[in-house]
Amino acid sequence: MTSPTPPIRTRFAPSPTGFLHIGGARTALFCYLAARATNGQFILRIEDTDRERSTEQSTQAILDGLAWLNLDYDEGPFYQSERFPRYQERVERLLDEGKAYRCYCSKERLDRLREEAIAAGEKPRYDGRCRDLASAPEGIEPVIRFRNPDEGSVAFDDRVRGRIEVDNSELDDLVIQRADGSPTYNFAVVIDDLDMNINLVIRGDDHINNTPRQINIYRALGAEAPEFGHVPMILGGDGARLSKRHGAVSVLAWREAGYLPDALINYLARLGWSDGDQEVFSRAQLIERFRIEDVNRKPSRFDTEKLDWLNQHYLREGAQDQLHTELGWHFEKAGLSADAGPPLADLVSVQSERFETLVELVEQSRPFYSDFESFDPGAAKKHLRPVAAEPLAALKTRLESLEDWVPDALQDAVQATADALEIGFGKIGMPLRVALMGHGQSPGINHTLWLVGRERTLDRIQRALDFIAERAAERS
C-alpha cells in the first residue's frame with residue numbers, strides 16, 4: 001500500500017508589471033490543483049519589488065483574473081513591498097556570517113566585463129573583485145552580492161524535468177540587494193518561500209537557471225530548499241513563442257471575447273497535462289487526478305479551435321449558474337437587459353448549439369431582447385415583397401388565437417397556414433424570419449417565434465405588413 005502524498009503548500013507569485021496572461025494563469029492553475037489534490041494550501045504573493053514597473057492597475061488585473069477563473073487562494077495576497085525589513089534582516093545576517101559582501105564595482109566596469117566575456121565566447125559572470133576588499137571606496141553606495149560556493153555542485157530532482165545538476169563553478173556571485181536597498185528577485189523569493197513554508201515551487205522553466213542559485217542561498221541560511229517543478233512554455237500554433245497575435249493577452253480579454261471560466265480552466269489544464277485521452281474535465285476531476293509529475297516536459301501549443309470547441313461544450317452542458325452570470329455580464333456589456341426577453345435558460349437551450357462564444361450568442365440574440373430600427377435592405381428586398389403579405393397576415397390571425405405559445409404549437413401554426421394557402425413552407429418561413437429578426441438569420445422558425453414572444457411577434461409581423469404596403473404604394 002502506497003503512503004498518502006503529503007499536503008502540498010505552494011504559491012503563485014506574479015509580478016504586477018502587466019496583466020495576468022495565459023502562461024501565468026496556467027501556472028496559477030497548476031499550483032491550485034497541486035494544493036487541492038493533496039488537501040494542501042495555495043498562496044498568492046505579489047512580487048512587486050520592481051518599483052518602477054509595478055502598478056496597482058496590474059495588481060488589480062491579476063486579482064480580477066484569478067477571481068474570474070475561480071482560483072481561490074487560502075492565504076494572501078502577500079506583497080513583497082511590505083516585507084523589506086525582513087529582507088534587510090536576512091541580508092545583514094549573511095553579511096555578518098561572511099556569506100555575502102558589499103560590491104562597489106561601477107556599471108561601466110560590469111558592462112566591460114560582460115563585453116569581454118562575450119567577445120571571448122564565455123558566459124558573462126562577475127569576477128569577484130570585491131569579495132575580499134581591505135577598505136571600502138568612499139562616496140559609492142554598494143550593492144550586496146551573495147558569496148556563491150567555489151566548489152561542488154547543486155543538484156535537485158525537478159518534479160517535471162527530472163534530475164538537474166549544475167557545477168558551482170558555473171555560477172557567479174549574484175546581487176541580492178540593490179544600491180537603493182531593495183532586494184533582487186532571486187533573494188526575496190527565497191526568503192518569502194522560506195518564511196511561508198512553501199514545500200513545492202511550481203513555475204515556468206525560464207526560471208530553471210535561477211534555481212541552483214536560490215538553492216545555494218537556502219543552504220547559506222541553514223534551510224532546506226523546497227521541491228521544484230518547472231513547467232514548459234506555451235507556444236503559438238505556428239511553433240513560435242506565444243505572443244499577442246496568438247492569444248497571449250489578458251485572461252480577462254478572454255472573458256470579453258465570450259469564453260466561460262470553466263472552459264478556459266479545462267483548456268489550460270490540458271496544455272501540457274493529460275490523463276489518458278480524456279479532453280473534458282470538471283474541476284472536481286482535475287483536482288482528483290492532477291499530479292505535477294504528469295506535466296509534459298515539452299512545450300505546448302495554443303490551439304484556439306480546441307478552446308472554441310470546449311467553450312461550446314460548456315455553453316451546452318456547463319454549470320448553469322456560471323453560464324447565466326457570464327451571459328448577464330455580456331448582456332450588460334452589449335447594452336441589453338436580460339430581463340427584456342425570454343428567460344436565459346430558454347435562450348441557451350436554443351442558441352448554445354449555434355455559437356461558440358457568448359459574444360456571438362448575445363449579438364445574434366439581440367432581436368429577442370430589443371427592437372431593431374430597420375430591416376436589413378438585402379433581406380427585405382428579397383423576402384418582404386407583396387407576395388408575402390397574404391401568408392404573413394394569415395399567420396398573424398392564426399397566432400392571435402393560439403393558446404399555447406410553445407415551439408410545437410408554433411410550428412403547427414406556421415405549417416397549417418402554409419397548407420391552407422397551398423404554398424411551400426419557405427414561402428412563409430423566410431418572410432417571417434425577416435419580419436421577426438430584421439435579417440435572414442435565426443434558429444428554427446418555431447424557436448424564433450417562441451423566443452421573440454407573442455406580443456413582439458404580432459407587432460413585428462404587423463410592422464412587416466406595413467413595410468410591404470408602403471413599398472407597394474411607392475411603386476404604384
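1. Ile46 has Tyr79 as its bridge partner in β3. The strands concerned, β2 (residues 41–46) and β3 (residues 75–79), run parallel and share three bridges. Pairing here requires that DSSP find at least two bridges between two strands. Helices (H or I, at least four residues) and strands (E, at least two) are DSSP runs numbered from the N terminus. Between β2 and β3 the chain passes through helix α2 (residues 56–68), in a β-α-β crossover that is right-handed. Right-handed means that, with the strands pointing away from the viewer, the path from the first strand over the helix to the second runs clockwise.

2. A remark on the basis of these points. The model is predicted, so local features need pLDDT of at least 70 and side-chain atom pairs count only at pLDDT 80 or more, while totals for chains, interfaces and linings use all residues. Residues are numbered from 1 along each chain as its sequence is written, and side-chain values use heavy atoms, with hydrogens and water left out.

3. Strand β1 joins β2 through four bridges, and the two run parallel. Phe12 is paired with Leu44 of β2. A right-handed β-α-β unit is made by β1, α1 and β2. Along β1, Arg9 and Arg11 point one way and Thr10 and Phe12 the other way, yet all are buried. Buried stands for under 20% relative accessible area, exposed for over 50%, and partly exposed for values in between (1.4 Å probe, protein chains only).

4. The peptide bond between Gly76 and Pro77 is cis, with omega about 5°. Pro77 is placed in strand β3, the strand that pairs with β2. As background, most peptide bonds are trans, and most residues other than glycine have a negative phi.

5. Asn70 has a phi of about 60° and sits in the loop between α2 and β3. With 37% relative accessibility, Asn70 is partly exposed. Glu422 has a phi of about 55° and belongs to the loop between α16 and α17 (425–437). With 73% relative accessibility, Glu422 is exposed.

6. The largest pocket has a volume of about 920 Å³. Its lining has 30 residues, and those nearest its centre are His21, Gly23, Gly24, Asp206 and His207. Two or more lining residues come from each of β1 (9–12), α1 (22–37) and β9 (200–204). Of the elements, α1 gives the most, with four residues. By class, the pocket lining has 14 nonpolar, nine polar and seven charged residues. Ala, Val, Leu, Ile, Met, Phe, Trp, Tyr, Cys and Pro count as nonpolar, Asp, Glu, Lys and Arg as charged, and the others, Gly among them, as polar.

7. There is one cavity of 30 Å³ or more. The space in the largest cavity is about 40 Å³. Its lining consists of Leu384, Arg385, Pro386, Ile468, Arg471, Ala472 and Arg475. By class these are four nonpolar, no polar and three charged residues. On a 1 Å grid over the protein atoms alone, a cavity is a set of points where a 1.4 Å probe fits but cannot get out; a pocket is an open set with protein on both sides within 12 Å along at least five of seven lines, and lining residues have an atom within 4 Å of a point. Grid points are joined across faces, edges and corners, and a volume is the space filled by probe spheres set on the points.

8. The structure has zero disulfides, a disulfide being a pair of cysteine sulfur atoms within 2.5 Å. The cysteine sulfur closest to that of Cys130 is in Cys105, 3.6 Å away, which is too far for a bond. Cys130 is buried at 6% relative accessibility. Cys31 is also buried, at 0%.

9. Helix α8 (residues 261–269) is largely enclosed by the rest of the structure, because nine of its nine residues are buried. Among them are Pro261, Asp262, Asn266 and Tyr267.

10. Ala418 lies in helix α16 (residues 407–421) and is buried, with a relative accessible area of 0%. Its C-alpha atom is 9.1 Å from that of Gly429, eleven residues apart along the chain.
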